[in-house]
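The following note sets out several points on the helix packing and on selected residues. Please read it alongside the sequence and the coordinates.

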Amino acid sequence: MPSKLTVDTGFDALSHAIEAMVSNWRNEFSYAIGLKSIELVFKYLPIVYKDGENQKARDYLHQAATMAGLAFSNSQLHIGHGMGHSWGAVFNTAHGRAVGIVLPYVTQFLLNNSDEEDKTIEIYAKVAKQLGWANWDEEEKKAAFLVIEKIKELQKKVDFPTKLKDLGISREDLEKNLDSLVSCCFEDATVVMSPRSMTDEYFRKLFDYAFEGKDVDF
Ligand SMILES: [Fe+2]
């Protein structure tokens, strides 16, 4: 498998695990399996990217991808996949590439949720602590945001695009297709799995921020 395809599918698997853990149907199975999958992708994707012949590392990555599939079969996915599906349908981008680019943006959007009942911060803080990215006594919000930093770090390590603009789509093309992109998001079953209620405006802004590579401040 060529390295670009390896990285795209690696980011698809990572998105499956990270989204599955906080979707509205999340459960202990999706958390446990998702956590192990994230650990394996972070460890083995950079190794396989550098050395595609490393069969042992590929085996671990296969296991990670299968486990991420098991995680989301248990709990479904959310708007990262909704936006990725829409983008892929409109601009013909490979699935893993589209969902992997939007992943840090949607994660930040979900962590910005001010609803006190929302569990996203708590869940991602635990991920960061269990994976050794944050100390156990780290403040929850700070620990949770490390998940975004780690995703961005991994993107850099394997030369993965960090914004939708990197795909060679012009601003004009984005604006021309924004209505279709947003309407596809609402047709995607994943929209109802979002732990933060979605609006037309949120999707528009998320596409804009992910296109330009801006920190999500809403
Ligand atoms: Fe996927």
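1. The expected span of a helix is taken as 1.5 Å times one less than its number of residues. In this predicted model, α7 has 18 residues and reaches 26 Å from its first C-alpha to its last, close to the 26 Å expected at 1.5 Å a residue.

2. Which residues of α7 are buried? They are Ala 143, Ala 144, Val 147, Ile 148, Ile 151, Leu 154 and Gln 155. These residues cover an arc of only 165 degrees around the axis, and therefore lie on the same side of α7.

3. The face of α7 turned away from its buried side carries the exposed residues Lys 142, Lys 156 and Lys 157. The cover over the buried residues of α7 includes α1 (3-20), α2 (28-50), α5 (95-111) and α6.

4. Helix α6 (residues 120-130) packs against helix α7 (residues 140-157) at an angle of about 70 degrees, and their axes are 7 Å apart. Because angles of 65 to 115 degrees count as roughly perpendicular, α6 is roughly perpendicular to α7. On the α6 side, the contact is made by Ile 121, Glu 122, Tyr 124, Ala 125, Val 127, Ala 128 and Lys 129; α7 contributes Glu 140, Lys 141, Ala 143, Ala 144, Leu 146 and Val 147. The residues of this contact divide into 9 nonpolar, no polar and 4 charged.

5. Thr 120 belongs to helix α6. With a relative accessible area of 2%, Thr 120 is buried. Leaving aside residues up to four places away in sequence, Thr 120 touches Val 22, Leu 110, Leu 111 and Pro 195.

6. Gln 108 is found in helix α5. Its relative accessible area is 11%, and Gln 108 is buried, the cut-off being under 20%. Not counting residues up to four places away in sequence, Gln 108 touches Phe 145, Ile 148, Asp 215 and Val 216. Of these, Ile 148 is listed among the buried residues of α7.

7. With residues up to four places away in sequence excluded, Tyr 209 touches Tyr 105, Lys 214, Asp 215, Val 216, Asp 217 and Phe 218. Tyr 209 and Pro 2 are 207 residues apart in sequence and 30 Å apart in space, C-alpha to C-alpha.

Methods:
Residues are numbered from 1 along each chain as its sequence is written. This is a predicted model: local features need pLDDT of at least 70, side-chain atom pairs count only at pLDDT 80 or more; totals for chains, interfaces and linings use all residues. Side-chain values use heavy atoms; hydrogens and water are left out. Axes are lines fitted to C-alpha atoms, for helices over the stretch in contact, and angles run from 0 to 180 degrees between N-to-C directions. Helices (H or I, at least four residues) and strands (E, at least two) are DSSP runs, numbered from the N terminus. Angles under 35 degrees count as roughly parallel, over 145 as roughly antiparallel, 65 to 115 as roughly perpendicular and the rest as oblique. Contact means heavy atoms within 4.5 Å. Ala, Val, Leu, Ile, Met, Phe, Trp, Tyr, Cys and Pro count as nonpolar, Asp, Glu, Lys and Arg as charged, and the others, Gly among them, as polar. Buried means under 20% relative accessible area, exposed over 50%, partly exposed in between (1.4 Å probe, protein chains only). The arc is that of the directions from the helix axis to the C-beta atoms.
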